[in-house]
Amino acid sequence: MTDGTIEAAWKAIEGEGADTLTALFETEPDRLSRLVVEEAGIRFDFAKTHLSRGLLDKFVALAEATGFAKARDALFAGEVVNTSEGRAAEHPAERGSGAPDSVARARSLHQRMRALIDAIEAEAMGPIAHVLHIGIGGSALGPHLLIDALGRDADRYDVEVVSNVDGAALEAAFRRFDPQATLVAVASKTFTTTETMLNARSALAWLEEGGVEDPFGRVVALTAAPDKAIEWGVDETRILPFGESVGGRYSLWSSIGFPAALALGWDGFESLLEGAAAMDRHFRLAPPTRNAPLLAAFVDRLYANVKGCETRGLFAYDERLRLLPSYLQQLEMESNGKSVTRDGQPVGRATAPITWGGVGTDAQHAVFQLLHQGTHLVPVEFIASIEAGDTLDEAHHRQLLVNCFAQGAALMAGRANAEDPARAYPGNRPSTTLLLDRVDPATLGALIAFYEHRTFANAALLGINPFDQFGVELGKEIARSLDSGGTDAFDSSTKALLARISG
Ligand code: F6P
């Protein structure tokens, strides 16, 4: 389709969305049957959004005009979808969805990972009780989310994920762990990231100081650059490689998920992959009007591009999912926080909103005031599980869920108060609810794959590349330059700050 057709599709959308949510529930009595999708153990409820029947048709037209289906097929076929870096995005192949040769490659790398886990369990590296996972960004956020959500009760390895270069983070882990019983996993796609390599060096020193005779013998490398890991000192048998075409923030399915596989056990890790594969199938096969990731992307575009919302709030009503907002911040903002199209032209409209959030019910007593009565319109996403994550009196879980549902209802309905405006609620504030049957590896795999595909669908509608992240490079370059004392090119404020710490 031509740029003109795409712009016409956007124009049609931008003129819509005026009806209130309560009016939509009256004029569209079939909203629940149309806007609720149940898939892979998750109920996706988009009914409390301004996605009217008319708007949905227009978004489907936009998807057609932008070539969404072709882009999706290219992703799964392993074609070069990351055009600026000239490579495919093969995370779906990690869970068995994709071109047969890519799937076969991913499987054999998973076998290698499984063999190493078997060896560790058989105490080939000595008795291991603790795993110190060192990585940052995509090499930490995904494994950390999985371990925090699913590995809490597992009577297996005690895993700590350390990402920050602030030595306080690593020292806290050192205090908790016994070097004699610790395995260090160094996770870095490039094996060059400054923070990770510095933390890894300090962890080696800690092992040595703790009396470990062969510190490198306790190190496992998870990387797409095995040569660099060998050069750094890791033995080839303890390197778990993954493909260059698996993006960092999409890499938890690969060997980057190693600490999660250790914490959950191999069966748990496979269930995670199977859950994600179920969501892949849904994304590939469901028609646009019943396709959960695509419907979510329509909702995202509606609020960012029609209603002018600059943020989206995400609240997990489940302690196990407390790291979901920070995981999604990288997935969504690093992927789609862009200003130019795949062809290098200005996008011309808002791209990724700012993703923020927290856990319910805590957030209700902190930030929800603004959501109900503030001047910013924030589309909210609620995530909850039908099955409880605790064994206490069932009143706990019931309170959690009724509070979650009450917030969505209150945001939508509002309440007038003619006498006292300070006590009035405007209502007409949208929300989406994702209700999981339970928080288990399969459902979490499906949930994360849903978010990946939603991010991809947003990018396709905007015509941007979600798989590069050049925006993070300039700061890294300047930090390197400042570290080596080269301040000449910098402003006086930056120079003075550096002078202040240089004594
Ligand atoms: O700086 C951003 C980034 O490149 C992320 O995209 C990536 O997940 C992270 O750094 C870590 O990179 P690596 O896995 O190569 O250490």
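Two strands pair if DSSP finds at least two bridges between them. The legends below use this for a predicted model.

**View 1. Strand E2 is joined to strand E11.** The two strands, residues 42-45 for E2 and residues 431-436 for E11, are joined by 4 bridges. They run antiparallel. Arginine 43 stands opposite leucine 435 in E11. Strands of a sheet pair through backbone hydrogen bonds, and the pairing is either parallel or antiparallel.

**View 2. An open sheet of 6 strands contains E2 and E11.** The strand order is E1-E2-E11-E10-E8-E9, and the pairing is mixed. Strand E1 (36-39) and E9 are at the edges; each has a single partner strand, so one side of each is left without a neighbour in the sheet. On average, neighbouring strands of this sheet are turned by 15° against each other, direction ignored. Helix H17 (residues 395-413) lies across E8, E10 and E11. The direction of H17 is at about 160° to E10.

**View 3. Strand E8 is mostly covered.** Of the 7 residues of E8, 6 are buried. E8 is joined to E9 by 6 bridges, and these two strands run parallel. Within E9, glycine 357 is the residue that leucine 314 stands opposite.

**View 4. A second open sheet has 5 strands.** The order here is E4-E3-E5-E6-E7, with parallel pairing. Strand E4 (158-162) and strand E7 (239-241) stand at the edges. Each of these has a single partner strand, so one side of each is left without a neighbour in the sheet. From one strand to the next, the twist averages 20°. Strand E5 (residues 182-187) and strand E6 (residues 219-223) are joined by 4 bridges and run parallel. The bridge partner of valine 186 is alanine 221 in E6. Helix H7 (residues 100-121) packs on the sheet and touches E5, E6 and E7. The direction of H7 makes about 155° with that of E7. Helix H9 (residues 167-176) lies across strand E3 (130-134) and E4. H9 runs at about 165° to E4.

**View 5. Helix H15 is mostly covered.** The helix comprises residues 324-336. At 1.5 Å a residue, its 13 residues should span 18 Å, and its end C-alpha atoms are 18 Å apart, which agrees. Of these 13 residues, 10 are buried. Among them are Leu324, Pro325, Tyr327, Leu328 and Leu331. Glu332 and Glu334 are also buried. What covers the buried residues of H15 includes helix H8 (141-150) and helix H18 (441-462). Strand E8 (311-317), strand E9 (354-359) and strand E10 (380-385) also belong to this cover.

**View 6. Leucine 461 lies in helix H18.** Is leucine 461 buried or exposed? A residue counts as buried if 20 or more other C-beta atoms lie within 10 Å of its own. Leucine 461 has 26 other C-beta atoms within 10 Å, so leucine 461 is buried. Leaving out residues up to four places away in sequence, leucine 461 touches Leu62, Ala63, Thr66, Phe68, Ala297 and Arg301. Leucine 461 and alanine 63 are 398 residues apart in sequence, but 6.2 Å apart in space, C-alpha to C-alpha.

**View 7. The ligand is surrounded by 14 residues.** The closest are Gly137, Gly138, Ser188, Thr193 and Gly248. The shell around the ligand consists of 2 nonpolar, 9 polar and 3 charged residues.

Methods:
Residues are numbered from 1 along each chain as its sequence is written. This is a predicted model: local features need pLDDT of at least 70, side-chain atom pairs count only at pLDDT 80 or more; totals for chains, interfaces and linings use all residues. A residue is near a molecule or strand if its C-beta atom, placed from the backbone, lies within 6 Å of it. Ala, Val, Leu, Ile, Met, Phe, Trp, Tyr, Cys and Pro count as nonpolar, Asp, Glu, Lys and Arg as charged, and the others, Gly among them, as polar. The expected span of a helix is 1.5 Å times one less than its number of residues. A residue is buried if 20 or more other C-beta atoms lie within 10 Å of its own, exposed if 12 or fewer, and partly exposed in between; C-beta atoms are placed from the backbone. Two residues are in contact if their C-beta atoms, placed from the backbone, lie within 7 Å. Axes are lines fitted to C-alpha atoms, for helices over the stretch in contact, and angles run from 0 to 180 degrees between N-to-C directions.
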